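Please examine the sequence and the model below before reading on. The paragraphs that follow lead from the overall form to individual residues.

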Amino acid sequence: MRSTKTAEPWVGQALGPFGAAVLKPYSRTRFATDGSAVLKVYVGIDPEGRRRREATTVQRAALRGILVPTVLATGCDEAGSWTVFRAVDGTPCSVATRKATEDYIGHVMAVSGMLHRPTAGATPGPGWAARAGSPVSASQFLLDQFSARCRWMPWWAALREALSTIDAHPTVHLHGDLKPEHLLVDGEHLHVVDWEASACGPAVLDYTDVVFHLVRDLLYEDVAPAHIPVDLADRLPFCGPVLAWRLLLWLDRRRTQDIDLVTTHDIVRLTAEEQAVSAYRSLAEILAHLRAAGVPR
């Protein structure tokens with residue numbers, strides 16, 4: 001039998017004890033019983049890469065004036081890939097009401113103002129670290145995130161051509177997952193957590209991710225497509241091809257058969273949209289169809 005110290009190396013660093021795990025698709029999170037820390041164990045896609053990326057990025061984000069949780073310990077061992085963060089105060093943002101959604105988008109704009117500063121030498125790719133070798137284009141970085149099967153899909157060529165337009169965008173530092181629950185408001189302070197998806201690329205990637213989660217999550221919480229406040233997201237920079245990419249990436253990482261439910265017409269429809277609000281409404285209609293077909297959130 002393995003010792004407790006081997007199975008839970010954070011114990012040897014006087015961290016914990018931690019309570020029951022909160023299960024998510026790609027992590028297991030446990031809160032210290034005294035509320036002082038949060039333990040995150042990475043699972044699923046590239047757990048060690050995500051651990052290293054998050055531990056490094058939070059330190060660099062702090063240098064930009066962004067309030068982030070302190071890394072107390074991190075490692076990769078028999079317990080898996082894990083990090084212990086100091087707990088931060090704050091209430092997660094919400095999209096439960098129109099006012100809450102408006103406030104959330106305002107916080108996204110505030111964070112992005114500190115985050116999306118042009119950075120000399122930054123090249124597209126995961127994390128904020130410098131990359132050796134020949135850099136890939138922004139569009140290739142996005143395409144490389146799909147599984148191999150997607151290259152044989154009927155919409156692949158149309159998506160690849162449409163995404164080439166983002167190669168002219170400046171490369172900036174990205175959070176990668178600015179969902180409401182990752183922005184914690186504490187009075188006048190805003191803490192930003194969950195940096196494992198951090199990357200370098202066009203700023204529109206962060207903004208598109210915000211819109212995608214807003215539309216998808218409200219739709220799956222039984223808000224009718226016509227009642228989703230997409231007009232509020234019009235403040236965010238828009239790119240139809242990236243919106244189509246984000247939809248497809250979500251499907252690619254779920255059940256094998258789900259991505260077959262999206263047609264080439266759906267993808268061309270999104271990539272060709274020039275107006276943000278009409279594109280977001282098209283996204284809502286496509287997601288409503290997918291939800292009716294049984295695709296889980």
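A residue is called buried when its relative accessible area is under 20%, exposed when this area is over 50%, and partly exposed in between, with a 1.4 Å probe and protein chains only. The model is predicted, so local features need pLDDT of at least 70 and side-chain atom pairs count only at pLDDT 80 or more, while totals for chains, interfaces and linings use all residues. Residues are numbered from 1 along each chain as its sequence is written, and side-chain values use heavy atoms, with hydrogens and water left out.

The overall form comes first. The protein chain contains nine helices and eleven strands; helices (H or I, at least four residues) and strands (E, at least two) are DSSP runs, numbered from the N terminus. Its radius of gyration is 20 Å, close to the 19 Å that the globule rule gives for 297 residues, so the chain is as compact as a globular protein of that length. Here the radius is taken over C-alpha atoms, and the globule rule is 2.2 Å times the number of residues to the power 0.38. Along the principal axes, the C-alpha atoms fill a box of roughly 55 × 45 × 40 Å.

Of the 297 residues, 48% count as buried. The accessible surface of the protein chain comes to about 13800 Å², and 55% of it belongs to carbon and sulfur atoms. Such areas come from the Shrake-Rupley method with a 1.4 Å probe; for residues, only the protein chains shown count as cover. A contact means heavy atoms within 4.5 Å. Among contacts between residues at least 6 apart in sequence, 70% join residues at least 24 apart.

The charged side chains number 31 positive and 33 negative, and the centres of the two sets lie 4 Å apart. In this count Lys and Arg are positive and Asp and Glu negative, while His and the chain ends are not counted. Each charge is placed at NZ of Lys, CZ of Arg, CG of Asp or CD of Glu.

Aromatic rings come next. A pair of aromatic rings is described by the distance of the centres and the angle of the planes. Rings of Phe, Tyr and Trp (its six-membered ring) pair if their centres lie within 6.5 Å; planes under 30 degrees apart count as stacked, over 60 as edge-to-face and the rest as tilted. The count comes to eight aromatic pairs. In one of them, the ring centres of Trp10 and Trp82 are 5.1 Å apart and the planes meet at 75 degrees, so the pair is edge-to-face. This pair links distant parts of the chain, since Trp10 is in the loop between helix 1 (4-7) and strand 1 (22-24), whereas Trp82 is in strand 5 (residues 80-86), 72 residues apart. Trp10 is buried at 4% relative accessibility, and Trp82 is buried at 1%. Elsewhere, ring pairs link Phe146, Trp155 and Trp156 into a cluster.

The backbone also deserves attention. Most residues other than glycine have a negative phi, and most peptide bonds are trans. Where does a cis peptide bond occur? One joins Gly16 and Pro17, with omega about 5 degrees. Pro17 lies in the loop between helix 1 and strand 1 and is exposed at 56% relative accessibility. Not counting residues up to four places away in sequence, Pro17 touches Ala32 and Thr33. Ala14 is found in the loop between helix 1 and strand 1; its phi is near 60 degrees, a positive value in a residue other than glycine. Ala14 is exposed, with a relative accessible area of 70%. Asp46, which is not a glycine, also has a positive phi, of about 45 degrees. Asp46 belongs to the loop between strand 3 (37-42) and helix 2 (47-63) and is partly exposed at 44%.

Leaving aside neighbours within four places in sequence, the contacts of Glu54 include Lys40, Tyr42 and Asp194. Lys179 is placed in the loop between strand 8 (172-174) and strand 9 (183-186). Because its relative accessible area is 17%, Lys179 is buried. Apart from neighbours within four places in sequence, Lys179 is in contact with Tyr104 and His213.
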